[in-house]
Amino acid sequence: MAGQKMDAGLDILDVQIVDKDGRMSGVVDDLDFSWDEETGAPYVSSILSGPEALGTRLGGRIGLWMASVHARLHDREDPGPAKISIGVVKKISNHVEITVSREDLDISRSPDWARDTIISKIPGADRAVE
Amino acid sequence: MRLSDLLHSEVYDQDGVSVGHVHDVRLVRDGPVIGSFGATFSIDGLIVGKGSFGSRLGFDRAAMKGPWVLKALFNRLHASSRFVPWDFVAAVEERKILISRAAKELHEPKALDLNGREEA
């Protein structure tokens, strides 16, 4: 809705993200802004989700610890936050609907890494799901 | 720049006087068209003041009618809140935002209704 206004902290932060199949896919932990080349005004380009984004937002020791754990449970050297482009968002209301599957999001990188690198090496892990 | 870079930052006017801390960032849907979302949100301005607890609970919303005791209490606390249009922002530094106007030029933020429209 053109001209619609929202208070980002009250209306968008901590709101549930729901994927195209109706599955819970994380929450909005922060927003990333880019700069409009024509007007110079900042606009929302991505939603940030996951421990890195939340840790950075919270700050302090707890925030640093969260970001550090996220970095360790990851295959990339500098993993950064999980970004969801605003271009795949369908609607923002009391939840955020996206047009892609949660498997396609960066948010699933840490659980995937933990599954492949840690869980799969535990004896009997291959029989965990019959 | 992230939203969290703005939230809780202290805002100083052109004379170096503190206006308060950023309670929230008001967005307006008039940004560039991106993918299936269409026009994205750009920053309309900053809601700045001394106390933010009531704002986080939504007590500064026109649609929030009660409990009346809390509504009255938070209305009083938020009387010092000011809206800083983004055009007034001169610089965003770490935990500090500088604006190009005097604090007395700023007005109270307008409440939003449930459709995201500012109350007259």
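Predicted model: local features only at pLDDT ≥ 70, side-chain atom pairs only at ≥ 80, totals over all residues.
Hi everyone, thanks for coming. Let me start with the contact between the two chains. Chain B puts in 33 residues and chain A puts in 29 residues. On the chain B side, the elements that give two or more residues are α1 (3–6), β2 (18–28), β5 (42–49) and α2 (53–56). Which of these gives the most? That is β2(B), with 5 residues. If you sort that side of chain B by class, you get 15 nonpolar, 9 polar and 9 charged residues.

So let's stay with β2(B) for a while. Is this strand mostly covered or mostly open? It is mostly covered, as 9 of its 11 residues are buried. Now for its pairings, beginning with the one that crosses between the chains. Strand β1 of chain A, residues 5–7, pairs with β2(B) in the antiparallel sense, over 3 bridges. If you want to find this on your screen, look for A:Asp7, which stands opposite B:Arg26, and for A:Met6, which stands opposite B:Leu27.

Within chain B, β2(B) also pairs with β1(B), residues 10–12, again antiparallel and over 3 bridges. Here B:Tyr12 has B:Ser18 as its bridge partner. The hairpin formed by β1(B) and β2(B) has 5 residues between the strands, and one of the residues in this hairpin, B:Gly16, takes a positive phi near 80°.

One pair to pick out is B:Val22 with its bridge partner B:Val48 in β5(B).

Next, the largest nonpolar core. It has 41 residues, and the members that touch the most others are A:Ala8, A:Leu31, B:Val11, B:Val25, B:Leu27 and B:Leu46. Our strand turns up again here: β2(B) supplies the largest share of this core, with 5 residues.

From chain A, A:Leu31 touches A:Ala8, A:Ile12, A:Val44, A:Ile47 and A:Leu48, along with B:Arg2 and B:Leu3 from chain B, once residues up to four places away in sequence are left out.

From chain B, B:Leu46 sits in strand β5. Why do we call B:Leu46 buried? Because it has 28 other C-beta atoms within 10 Å, and the cut-off for buried is 20 or more. Leaving aside neighbours within four places in sequence, B:Leu46 is in contact with B:Leu6, B:Val11, B:Val22, B:Val25 and B:Val84. B:His23 lies 23 residues away from B:Leu46 along the chain, yet their C-alpha atoms are separated by 7.7 Å.

Last stop, a helix in chain A. Which residues are the buried ones? They are A:Pro51, A:Glu52, A:Ala53, A:Leu54, A:Gly55, A:Thr56 and A:Arg57. And what covers them? The cover includes β4 (30–35), β5 (42–49) and α3 (60–72) of chain A, together with α1 of chain B. Just after the helix, A:Gly59 takes a positive phi of about 70°.

That's my tour, and I'm happy to take questions.

Terms used. Residues numbered from 1 in each chain as written. Chains lettered and ligands numbered in written order. Contact = placed C-beta atoms within 7 Å. Helix = DSSP H or I, 4+ residues; strand = E, 2+ residues; numbered from the N terminus. Nonpolar A, V, L, I, M, F, W, Y, C, P; charged D, E, K, R; others polar. Pairing = 2+ DSSP bridges. Buried ≥ 20, exposed ≤ 12 C-beta atoms within 10 Å, placed from the backbone. Core = buried A, V, L, I, M, F, W, Y, C linked by C-beta atoms within 7 Å.
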